[in-house]
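User: I am new to this structure. Please walk me through the terms as they apply here.

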Amino acid sequence: MELIQQLVNGVSLGSIYALIALGYTMVYGIVKLINFAHGDVFMVGSFVGFYAITVMDLSFIPALLLSMVTCAIFGVLIERIAYKPLRNATRIAALITAIGVSLLIENGLIYVRGAQPEAYPNNVLPMDKLDIFGVSISSQSILILSVSIILMIILQFVVHKTKIGKAMRAVSFDSEAAKLMGINVNNTISATFAIGSALAGAAGVIFGIYYIKIEPLMGVLPGLKAFVAAVLGGIGIIPGAMVGGLLLGIIEALVSAAGYSLWRDGVAFIVLIFILIFLPQGLFGKNRREKV
Amino acid sequence: MTILKKSKGFWLSIVVALIFFGIMQFFIANGMLNPFYINTLMFIGINIMLATSLHLIIGITGQFSIGHAGFLAVGAYASAVMTMKLEFPFIVAVLAGGIFAAVAGMVIGIPSLRLKGDYLAIATLGFGEIVRIILLNIEYVGGASGMQVSHLTTWPWVFACVMITVIVIRNFTNSTHGRACISVREDETAADAMGINTTYYKVAAFVIGAFFAGVAGSLYAHNFYIIQPSNFGFLKSFDILIFVVLGGLGSLSGSVLAAILLTIVTTFLQDYPETRMIIYSLVLILMMIFRPQGLMGTREITALFTHKKTKGDQKDGSHNTVA
């Protein structure tokens, strides 16, 4: 039963990774940029949620929505100010900029409010324990999982059934051709950043409720792990990010359960290196030959 | 003629460096320099080594590695174990630091150099983190609380190591092998087609870079009284990356200058770490938007003096390719 308990924890953690990984994978799919600042958007979302709940006295759903909207605007701002001038620069230049933006957000926040951590109030969601076949599952993890799943279903709907989703798919397939077909590439890229950042904001609030403690540097490690999850699932592929995130969460929970909790943070990177060596296109990706 | 001129400049700069060393040594020996400045001086030396060793990997070979602190950590811990636990002399420890880091460079280099661009960046970042987590979990070297190290790094040591690093990397860059590395940076597929063993040169650059990072690590460890795994997180890697990017990807003198400049800025902003990081990050962003080739581009500082004479003689890749 202990094992199932750990699996449930793993799925909760994994759904947070999956939500962040979606943003990575969408942005990478469309502009071929590893958005290092994405983990920090997640952190900002967590703080917005915290202040919404404690200062503005909002309940869970409004706080979640507020955080998502704020993060969406924030993500678009980052894209417009920092990444847009580099659209045609080398990828290394864009990557360095992304690192710079990430450092700027972290240290800017530390500068404004200090590095001290905050604690989410623990009465945001009811704390019942449900007994299902002898496994006690907190109602929180069920709620977290269902919120993530709902968000992912909405995302699938947006990407596959709406006009903007069609534009996003077209731009990620071939942005030049999309431009020729009259698609506004800049707006589409901004929309991608907005959606990805909104998901990261939601993940931030969920993370805060589940793990209580939040701090300005909290986004770094989950951000990197979410990137690993995106690579695991095949970068640029939306269902891949979801599966990769859940898988990574479960792997981490199992490593903790096996008694190696100190090694937990290392496992993600070991998974990454193995995936990159043996299956660089990821679980869901197609192998593409390099052309000159 | 140009060869003579070049080597003349080379010897001249060595003489200038030795004079600088002598003056500093005189000041330090007579106690005319307060410990704070001596420490800054050592720090500059260590950072120059780190910057030039990363310059070889990123600037010359074009392999975007952001896990350089991992090599630093391997060197620091290997040398600290040598002096503190096994009681070897310092020189053995310095060499051991370099060799262990070089082995680490090879171990990580061979598999991950199949990757390119941003994938390689992430893999090296992951490597740096793995090193940190491994060190965190080894009780022998003190785990999270770190390891006590005695203070053995002195100014002559730092100076000698910096000189060796810079000279070796400069000469490597100008050798056949260095040319091969530059061709890998410019176009890997074309280099491959010209019969250059690209994997070999990428791993070679990684191993040499890691070796000097390891040597820098041993000096780093013996300059502080304690080393902890948290000193070698990816913020440290980014610090080193900023030297290379600011100096200009592909410019040795650029990374040396940036290392000197930023170390001085860092010591002045020691009490305001957030301000320092905000300045760093703004510099990175603005630099990439307005001058992506860095302060020096791929040029060297000597080009400033010989510019007029060698105008028609631009063979040294003075076009602005970044990685």
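**Terms and values**

Analyst: Leaving aside neighbours within four places in sequence, Lys236(B) is in contact with Ala69(B), Leu72(B) and Asn231(B). Contact means that the C-beta atoms, placed from the backbone, lie within 7 Å. This is a predicted model, where local features need pLDDT of at least 70, side-chain atom pairs count only at pLDDT 80 or more, and totals for chains, interfaces and linings use all residues. Residues are numbered from 1 along each chain as its sequence is written, and chains are lettered from A and ligands numbered from 1 in the order in which they are written.

User: Why is Lys236(B) called buried?

Analyst: A residue is buried if 20 or more other C-beta atoms lie within 10 Å of its own, exposed if 12 or fewer, and partly exposed in between. Lys236(B) has 20 C-beta neighbours inside 10 Å, so Lys236(B) counts as buried.

User: How much of chain A is buried?

Analyst: Of its 292 residues, 52% count as buried.

User: What makes the radius of gyration of chain A agree with a compact globule?

Analyst: The radius is taken over C-alpha atoms, and the globule rule is 2.2 Å times the number of residues to the power 0.38. For 292 residues a compact globule would be near 19 Å; chain A has 19 Å, so the two agree. The C-alpha atoms of chain A fill a box of roughly 60 × 45 × 35 Å along the principal axes.

How values were computed
Contact = placed C-beta atoms within 7 Å.
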